Amino acid sequence: MAAVAPQVRVGVGVFVLASSQEPRENPRFLVGKRLNAHGAGTYALPGGHLEFGESPEECAARELDEETGLRVKNLRYLTATNDIMKADNKHYITMFMVCEREDDSQPAEVREPEKCEAWSWWSWEELLRCVTATEEAKEGEVMEKRLFVPLVNLVKQRPGLLPSA
């Protein structure tokens with residue numbers, strides 16, 4: 001049997017803003033702790049794989065419903081990153097989307113407990129602190145909050161970019 005050549009896949013990560021009134025310089029958004037997949041134990045945005053024939057907006061809405069039950073509005077493209085995950089032998093192009101909840105009081109549900117431990121709201125400043133801690137960590141150091149590679153790369157590859165309503 002021939003070995004399968006490595007492939008580049010397309011992932012979609014979604015910044016769900018806590019409200020349409022988030023401060024532009026420090027918005028809050030939904031983050032979950034990944035389980036049982038590449039990047040297990042890291043914090044990431046809701047999202048998943050782009051399916052054949054699907055638009056990034058359709059993928060984002062589908063994944064949000066599957067993972068959180070949230071209904072959203074103003075869903076749009078933000079940027080993309082090039083994510084090579086050497087430890088997992090994976091390569092992704094991650095398309096980042098941004099949106100708002102239709103109802104700011106609707107909580108995010110953990111609908112896939114085998115894939116996500118819990119959802120929480122993080123601020124942009126908190127994300128930046130985690131990226132800095134990740135960059136400054138010594139090899140083998142145990143981090144309190146480890147980030148999924150695409151989130152680290154977003155900050156590194158797209159400096160100055162902020163998710164906003």
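1. Glu 126 and Lys 145 join their side chains in a salt bridge, at 2.8 Å from N to O; the term requires a side-chain nitrogen of Lys or Arg within 4 Å of a carboxyl oxygen of Asp or Glu. Because Glu 126 belongs to helix H2 and Lys 145 to the loop between H2 and strand E8 (146–147), the pair ties together parts 19 residues apart in sequence. Helices (H or I, at least four residues) and strands (E, at least two) are DSSP runs, numbered from the N terminus. Glu 126 is buried at 18% relative accessibility, whereas Lys 145 is partly exposed at 26%; buried means under 20% relative accessible area, exposed over 50%, and partly exposed in between (1.4 Å probe, protein chains only).

2. The model is predicted: local features need pLDDT of at least 70 and side-chain atom pairs count only at pLDDT 80 or more, while totals for chains, interfaces and linings use all residues. Residues are numbered from 1 along each chain as its sequence is written, and side-chain values use heavy atoms, without hydrogens and water.

3. The whole structure holds ten salt bridges. One of them pairs Glu 112 with Lys 115 at 3.8 Å between the closest N and O atoms; Glu 112 is buried at 14% and Lys 115 partly exposed at 47%. Glu 54, Arg 62, Glu 63 and Glu 66 form a salt-bridge network.

4. The axes (lines fitted to C-alpha atoms, for helices over the stretch in contact) of H2 (residues 124–136) and H3 (residues 149–157) come within 10 Å and cross at roughly 95°. Angles run from 0 to 180 degrees between N-to-C directions.
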